[in-house]
Amino acid sequence: MSESGKATAVLVLKDGTVIEGLGLGATGEAVGEVCFNTSITGYQEILTDPSYAGQIITFTFPHVGNVGVNDEDIETSNLASSSGVRGCILRSDITNPSNWRAAKHFDRWLRARGIIGLAGIDTRALTRLIRDKGMPDGIIAHHPDGKFDIPALLEKARAFPGLVGLDLAKEVTCGQSYGWDETNWVWGQGYGKSTGGKYKVVAVDYGIKRNILRCLTSVGCDVTVVPAETKAEDILAMNPDGVFLSNGPGDPAATGVYAVPEIKKLVASGKPVFGICLGHQMLAIALGAKTEKMHQGHHGANHPVKDYTTDKVEITSMNHGFTVARESLPAEVEETHVSLFDGTNCGIRLKGKPVFSVQYHPEASPGPQDSHYLFERFVKMIEEGKK
């Protein structure tokens, strides 16, 4: 609430629920799907992850923003671009930053990026609501004068079509191809620069994160990023040693209308193919499987996943509201990873071909680097293919 005790921001859900609190960040209104994220760190990376386009994120950790923000922890592949996230919901007001890496106050950063914030609410109650009823559609609004037309906001929330059938990759993909040469962060040095990779990789950008690109260059890849609608013929004309299918937002079946036919051609070429998140889901569709909407999705940095190929368990970072339906996997596709939270599919590979993918984000560091081996696995497939 404001000093006068008046609400300066509200969240109005499609079912008529109204939650009032303190407005933060940008002013205005934004509709989206409300989810919750259980991470206790990494809020800047989360809010700049294009996979969250079309969503309003509820942080379950109560102290968000207290370490400020900086230019190193942005995950959109273009520093100037928007991730597409619609808003964020916090338990506590934002305190002044207290971290040696902080370059800016979190509230000012939210304003600069056009992200609407709502604080001072019971995020545990909202999280329980999502767990019980699923991820609701809603509208978040911030007006410093505290004047809200609730019936009009409710009408806008109910007019939102939801993420099913929504192609959001077009909103967050790059406008043209570009090369990438930044490598992983090193303590005391920051990010490095690649002097030229050994393996030529084309990364299809459905909403790619910067740290994915850094992980690829750090294992010896010379990376070229191409827009989401790039044709397979154009990708293969670049004569890559391997092709990467990135993460991204929205419904994989909707983006798959134009992406899946191209992915089928890439698989048929015999080139090694590695997919993450949305890339994993659309690869599964290209191989004959189906995807479906989840009840509450997986959003957080504490998700245990078992790798059947090694019998090891890794702690992973996840952000997805759709999943590959295990029962729809054809005989030639093997399930390689599974969530130990709810048993949903988290990885596949095509038998007899250098094609694999995972549902989670191996470039993140919750384990801290439990899943980085997947980039090395991709490179080994490329090496075997070149032999």
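The following dialogue examines how several structural terms apply to this predicted model.

Modeller: The model is predicted, so local features need pLDDT of at least 70 and side-chain atom pairs count only at pLDDT 80 or more, while totals for chains, interfaces and linings use all residues. Residues are numbered from 1 along each chain as its sequence is written, and side-chain values use heavy atoms, with hydrogens and water left out.

Biologist: What makes the span of helix H10 agree with its number of residues?

Modeller: Helices are DSSP runs of H or I with at least four residues, strands are runs of E with at least two, and both are numbered from the N terminus. The expected span is 1.5 Å times one less than the number of residues. For the 14 residues of H10 (373-386) this gives 20 Å, and the end C-alpha atoms are 20 Å apart, which agrees.

Biologist: Which residues of H10 are buried, and how do you know that they line one face?

Modeller: Buried means under 20% relative accessible area, exposed over 50%, and partly exposed in between, with a 1.4 Å probe and protein chains only. Leu374, Phe375, Phe378, Val379, Met381 and Ile382 are buried in H10. Seen down the axis of H10, the buried residues fall within an arc of 155 degrees, so they line one face of the helix; the arc is taken over the directions from the helix axis to the C-beta atoms. Lys380 and Glu384, on the other side of H10, are exposed.

Biologist: Why is helix H6 called largely enclosed?

Modeller: Eight of the nine residues of H6 (210-218) are buried, so the rest of the structure largely encloses this helix. Among them are Arg210, Asn211 and Arg214. Just after H6, Gly220 takes a positive phi of about 100 degrees.

Biologist: Why is Pro97 called partly exposed?

Modeller: The relative accessible area of Pro97 is 35%, which lies between the limits of 20% and 50%. Pro97 belongs to the loop between E5 and helix H2 (106-113). Leaving aside neighbours within four places in sequence, Pro97 is in contact (heavy atoms within 4.5 Å) with Asn66, Val67, Gly68, Ala102 and His105.

Biologist: What makes a set of residues a nonpolar core?

Modeller: The set must consist of buried Ala, Val, Leu, Ile, Met, Phe, Trp, Tyr and Cys residues joined through side-chain atoms within 4.5 Å. The largest such core has 39 residues, and those with the most contacts inside it include Leu11, Leu47 and Phe59. Its largest share, four residues, comes from E3. A second, separate core of 30 residues includes Ile235, Val267, Ala284 and Val355. In soluble globular proteins, nonpolar side chains tend to be buried together.
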